[in-house]
Amino acid sequence: MNRIFLICGIILCSTLTLSCSKDEDKSSDNNKQLVNLIPEKKPIILKEKEKSYILSCNEFAFNLFKQTNDIQESRIISPLSLAYILGMLQHGADGDTEQEIKEILGLKQADKTAISQFFENLIENAPQVDSNVHIDIANALFVNKGIKPLASYENDMKNYYKATIKSLDFANTSAVDEINNWCKKQTQGSIGKILDETNPEAQSYFLNAILFKAAWTDHFDPKNTWNSTFTKEDRTNINIPMMHLTANANITGNEYCTTLCLPYSNWGFVMYLMLPNDGYTTQQIIERLNSSSLEEIKRGMSGRQVEISLPRFTSRFNKDMTGYLKQMGLTKAFSSDAQFPYITADQMNVGKIRQSAMIEVNEEGTKTAAVSVSESDVEVVYEPNEFKANHPFVYIIQEMTSGAIFFVGTYMGD
């Protein structure tokens with residue numbers, strides 16, 4: 001009988017909560033402060049081949065996010081979290097299954113051990129980039145009672161992925177409690193459940209959790225937060241808390257969007273906010289996104305005094321990602337002839353891959369066949385001095401020294 005295993009990703013991007021609101025008509029002119037966002041960071045040291053791995057994983061991030069473009073509400077995903085799970089899978093795969101996983105990550109020619117060493121580098125060094133940014137990357141492998149991973153695979157998961165490995169009885173209701181408790185612990189209680197139940201026929205559950213909590217380099221003064229009108233893509237209006245800040249910030253504008261860079265702490269991590277121009281939508285921005293277009297936008301940025309208006313918001317996302325990954329070409333791993341001989345002696349295949357994520361943005365901070373973009377699409381056509389996010393936008397959270405993309409999302413006003 002073929003054995004299956006299910007895979008879940010748990011992601012939290014959060015911050016300390018600080019609430020404040022005013023009536024929209026109250027002016028903030030007397031409270032404006034001019035701040036200077038000065039970069040300073042401790043780098044992640046990458047081998048030459050690992051630099052190319054980052055670019056490939058970022059391309060995977062954009063390709064995956066494009067697959068979710070059918071979702072009309074706010075969403076946040078961590079492509080890096082799914083990449084970790086795929087990394088653990090490829091380490092135990094062989095044949096067409098291994099090649100398919102590597103291809104979807106853009107790492108078809110890479111050695112499986114080199115890939116795992118790359119993920120180990122990020123686990124160990126991403127938390128060291130900025131002592132004021134809390135980031136944890138955790139992995140776990142829960143196996144069904146009576147199933148024993150190969151000793152070599154178990155050792156590699158502990159060494160490269162720092163994975164917790166534990167045997168549970170998936171037919172017992174205590175198993176789902178243990179898995180959900182792991183999820184709750186790794187996200188400090190913000191995501192308390194990833195599974196409703198465990199499948200007694202499943203062989204394993206692979207999990208990854210990324211916890212990210214960071215403060216802005218200079219926070220938004222809560223006295224300058226008041227309710228404002230936000231226009232959704234269906235042209236309906238809602239009132240939401242809008243934060244305001246006058247800052248020296250990096251910003252650029254092109255034909256289809258205005259992009260603002262907001263740094264965290266010492267600039268080890270930043271958030272890029274991409275606000276559609278009139279006549280464009282978040283979906284159209286996402287369709288244009290790839291590693292090259294993002295780099296072009298970044299090169300077009302310049303520092304100037306900017307009037308910033310940004311919603312204070314919280315978004316949650318819980319989604320079965322299996323269908324999206326299949327559309328990207330990951331099919332062998334889910335089939336009855338999947339090849340994972342280096343995980344266990346039993347025949348096994350992937351059941352499903354699920355991700356749960358949450359982001360909170362407030363005054364203090366933030367607790368594919370790629371479509372190439374022509375040079376004209378990323379040309380700087382104007383130099384904005386205002387960033388007023390009063391309609392849906394796209395955001396990216398990136399670690400600056402390696403270039404790794406940790407989160408991609410949209411805020412749609414829900």
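Is E48 buried or exposed? E48 counts as exposed, because its relative accessibility is 61%; exposed here means over 50% relative accessible area, buried under 20%, and partly exposed in between, with a 1.4 Å probe and protein chains only. The model is a predicted one, in which local features need pLDDT of at least 70 and side-chain atom pairs count only at pLDDT 80 or more, while totals for chains, interfaces and linings use all residues. Residues are numbered from 1 along each chain as its sequence is written, and side-chain values use heavy atoms, with hydrogens and water left out.

E48 takes part in a salt bridge with K51, with 3.7 Å between the closest N and O atoms. A salt bridge is a side-chain nitrogen of Lys or Arg within 4 Å of a carboxyl oxygen of Asp or Glu. Both residues belong to helix α1 (residues 48–67), 3 residues apart, about one turn of the helix; helices are DSSP runs of H or I of at least four residues, numbered from the N terminus. K51 is partly exposed, at 42% relative accessibility.

A second pair sits in helix α8 (residues 291–299), where E296 and R299 are 3 residues apart, about one helical turn. Their side chains form a salt bridge at 2.6 Å, N to O. E296 is partly exposed at 30%, whereas R299 is exposed at 59%.

K332 and D337 also form a salt bridge, at 3.8 Å from N to O. K332 is partly exposed, with 27% relative accessibility, and D337 is partly exposed, with 43%.

Salt bridges also link E98, K102 and K112 in a network. Over the whole structure, the search finds 13 salt bridges.

Conventions:
Helices (H or I, at least four residues) and strands (E, at least two) are DSSP runs, numbered from the N terminus.
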